[in-house]
Amino acid sequence: SFSLPIESEISIEVYNLQGRVVASLVNEGNMAAGYHSVVWNADSHSSGMYFVKMIAGDYTNTQKLMLVK
């Protein structure tokens, strides 16, 4: 889940430990201001550490994600 204070161009991608993109969750033009949520269906991915990178306008954030099956 995330919120946008203003309408922004947004991208959310999931990377593996080698730095390869394994999933592109959001890759739209502009997204309206407000609260949004995204679900990653990781059925085809193995357990382990992943990184989620969000870019919204000038804002960039990367978080670690541990996938346990």
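Biologist: Leaving aside neighbours within four places in sequence, which residues is Lys64 in contact with?

Modeller: Quick caveat: this is a predicted model, where local features need pLDDT of at least 70, side-chain atom pairs count only at pLDDT 80 or more, and totals for chains, interfaces and linings use all residues. Residues are numbered from 1 along each chain as its sequence is written, and side-chain values use heavy atoms, with hydrogens and water left out. Lys64 sits in strand β6, and contact means heavy atoms within 4.5 Å. Skipping neighbours within four places in sequence, Lys64 is in contact with Met49, Tyr50 and Phe51.

Biologist: How far apart are the C-alpha atoms of Lys64 and Tyr50?

Modeller: Tyr50 is on the contact list of Lys64. Along the chain the two are 14 residues apart, while their C-alpha atoms are separated by 5.9 Å.

Biologist: Is Lys64 buried or exposed?

Modeller: Here buried means under 20% relative accessible area, exposed over 50%, and partly exposed in between (1.4 Å probe, protein chains only). Lys64 has a relative accessible area of 64%, so Lys64 is exposed.

Biologist: And Trp40, buried or exposed?

Modeller: Trp40 is found in the loop between β4 (34-36) and β5. Its contacts, leaving aside neighbours within four places in sequence, include Val14, Leu25, His45 and Leu67. With a relative accessible area of 19%, Trp40 counts as buried.

Biologist: How many strands are there in the protein?

Modeller: Helices (H or I, at least four residues) and strands (E, at least two) are DSSP runs, numbered from the N terminus. The order of elements is β-β-β-β-β-β. That gives 0 helices, and the strand count is 6.

Biologist: How many bridges join β5 to β6?

Modeller: Two strands pair if DSSP finds at least two bridges between them. β5 and β6 form a hairpin with 2 residues between them, and Gly57 in the turn has a positive phi of about 65°. Val52 has Gln63 as its bridge partner in β6. The strands run antiparallel, and the number of bridges is 9.

Biologist: How many residues are in the largest nonpolar core?

Modeller: A nonpolar core is a set of buried Ala, Val, Leu, Ile, Met, Phe, Trp, Tyr and Cys residues joined through side-chain atoms within 4.5 Å. The members of the largest one are Phe2, Leu4, Ile10, Ile12, Val26, Met31, Met54 and Ala56. The elements giving two or more residues to this core are β1 (2-4), β2 (8-15), β3 (21-31) and β5 (48-56). The size of this largest core is 8.

Biologist: How many residues does the second, separate core have?

Modeller: Trp40 turns up again here, and it is buried. Ala23, Ala42 and Leu67 are also among the members, and the residue count is 6.

Biologist: What percentage of the residues of the protein count as buried?

Modeller: For scale, the C-alpha atoms fill a box of roughly 35 × 20 × 15 Å along the principal axes. Of the 69 residues, the buried share is 30%.
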